[in-house]
Amino acid sequence: MPTLRLNILDGINSIGGSKIALTGEGGGILLDFGVNMKKKREYILGHRALTIANKLYYYLYSEILPRVRGLYREDLVEIDERVSRLLTHAREIDVQTCVISHAHADHYGAAGFLSNEIALAVSNSMKTIMEAMLESSSLDIEGEVFSMRDRGDKGIGRFDRRACVFEEGTGIPEAPFKITPYPVDHSIPASFGFLVEEASLTYTGDLRKHGLLSELTEKFTEKVRGVNYLLIEGTRIDSSIRVPEHEVSREIRHYVLEKADKLVCVVTSPTDIDRIRDLVEAARELGKKPVICPRIINLLDRLSDSRTKITIPNLGDVGVYFERRSLTGDGYDLESANYRGWLKKVYLDRVDGKRGGELVKPDEIAKQQEKYLFIMSGLDYVLELAQIRPKPGSRIIVSTSEPHDEEQEIEWSKFERWVHLLRLDLRNVHSSGHADRESLIEIINEINPRKILPIHTENPYEFQRLLKLGEIKCQVILPKPDEPITL
Ligand SMILES: [Zn+2]
């Protein structure tokens, strides 16, 4: 067996920001290259540091991105001598492919900084989700994942990054060693864990056992049983709370039914397609018309064009929420620059009758509030409700993760302020995308590896404690960012 080196560059003592390098004689790979939101929030001050010309320099300086040679975009390194200087004495890593586990930004969101020589290995649906989310966000250089503007060429030229599209259960094309992706259950479809055969190493990505696709996680643990090394996520290693997805489904129906005579709104993650499908079904069952915000519709349109295997809801009788954005045309002039390309397309496809779903303006919802179940893609969408003016006591259900850090708490308190101003009746119902402690113990014992390396966790010592308690039997290695492990 050839010797491989495992170098966990980031995402060890934090939730997210996973960046794992695996290198050998013939080259290497990265497993994920995500944004470390924790570090980013610690260092980014307002917008000053965010100008494109300075971004990579500041990110490397504050180590929001790891200081490693051979990873970053040549155009950005070449035009900025400060960046080259920072990297002069950094170690070099030789990788050709970055394998992405799933389309959450904490796993792929820093890939826009990677050298365009490094191909991205993604599944077809994962790529579609990434592209739809990137096009409907306000990111600049960090959004340049598959297509980049050449900053060394007066910013005129463009270049594309190569994508190697993989299928479940078969090897990843062009990777220097045999890596097999297996789908797992998580809060976004097209999520994968991986088996690297040469190293007898498994990487779980993010996973759980209590979603609608729990059998995927079970099949995955069977396939990778008995590996030497298990790189496992430990987001919820300190919690034994397990709310299954079907319980969320039942509770949401109950909360919708209670407000049969009023408007009901649900805030959910735009990429949690299983949850969105269930919300559409719930609305139909309970006699309300589902109205979906355009960011989610755009993703569903792109997925249906991509011939995905993901079951997406039928949009035939669905309402597409028509945002009032222009100063002309009574607020709905689609020629206005306030409708960005993707948004305009979502609306024009309905105006032209090309796709299912009819446009619904806030005024129409306002007139017959009890008729609708409004599916919103984020807390900030609560602002749209100020246009609808829901009747006092209307319901808003939040079905996303609870705030994790200070910044999210500030966001949450602003959201709550709006909830109170609008006199809404707020409920929280959520099933986590991550396995709880008891599920993680089951997963580890089912796989039965020789050694585990906890990552994607703020509490790696809990794994050691569980070893002492005899709950898990394998050796626990706590990796460090500057200490590569020879496998
Ligand atoms: Zn995730």
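In this predicted model, 20 residues of domain 1 are in contact with 19 residues of domain 2; two residues are in contact if their C-beta atoms, placed from the backbone, lie within 7 Å. The assignment gives domain 1 as 5–239 + 434–486 and domain 2 as 245–428, with bounds from an automatic or database domain assignment. Because the model is predicted, local features need pLDDT of at least 70 and side-chain atom pairs count only at pLDDT 80 or more, while totals for chains, interfaces and linings use all residues. Residues are numbered from 1 along each chain as its sequence is written.

**Domain contact**

- Helix 1 (37–43) and helix 6 (124–135) are the elements that give two or more residues to the side of domain 1 that touches domain 2; helices (H or I, at least four residues) and strands (E, at least two) are DSSP runs, numbered from the N terminus.
- Helix 6 supplies the largest share of that side, eight residues.
- By class, the side of domain 1 that touches domain 2 has nine nonpolar, seven polar and four charged residues; Ala, Val, Leu, Ile, Met, Phe, Trp, Tyr, Cys and Pro count as nonpolar, Asp, Glu, Lys and Arg as charged, and the others, Gly among them, as polar.
- The centres of domain 1 and domain 2, taken over C-alpha atoms, are separated by 31 Å.

- Apart from neighbours within four places in sequence, Val 99 is in contact with Ile 29, Leu 30, Leu 31, Ala 121, Ile 172, Ile 179 and Phe 194.

**Strand 17**

- Five of the five residues of strand 17 (372–376) are buried, so this strand is largely enclosed by the rest of the structure; a residue is buried if 20 or more other C-beta atoms lie within 10 Å of its own, exposed if 12 or fewer, and partly exposed in between, with C-beta atoms placed from the backbone.
- Tyr 372, Phe 374 and Met 376 lie on one side of strand 17, and Leu 373 and Ile 375 on the other.
- Strand 13 (264–268) runs parallel to strand 17 and is joined to it by four bridges; strands pair if DSSP finds at least two bridges between them.
- Val 266 stands opposite Ile 375.
- Strand 14 (289–292) also pairs with strand 17 in the parallel sense, over four bridges, and Lys 289 stands opposite Tyr 372.
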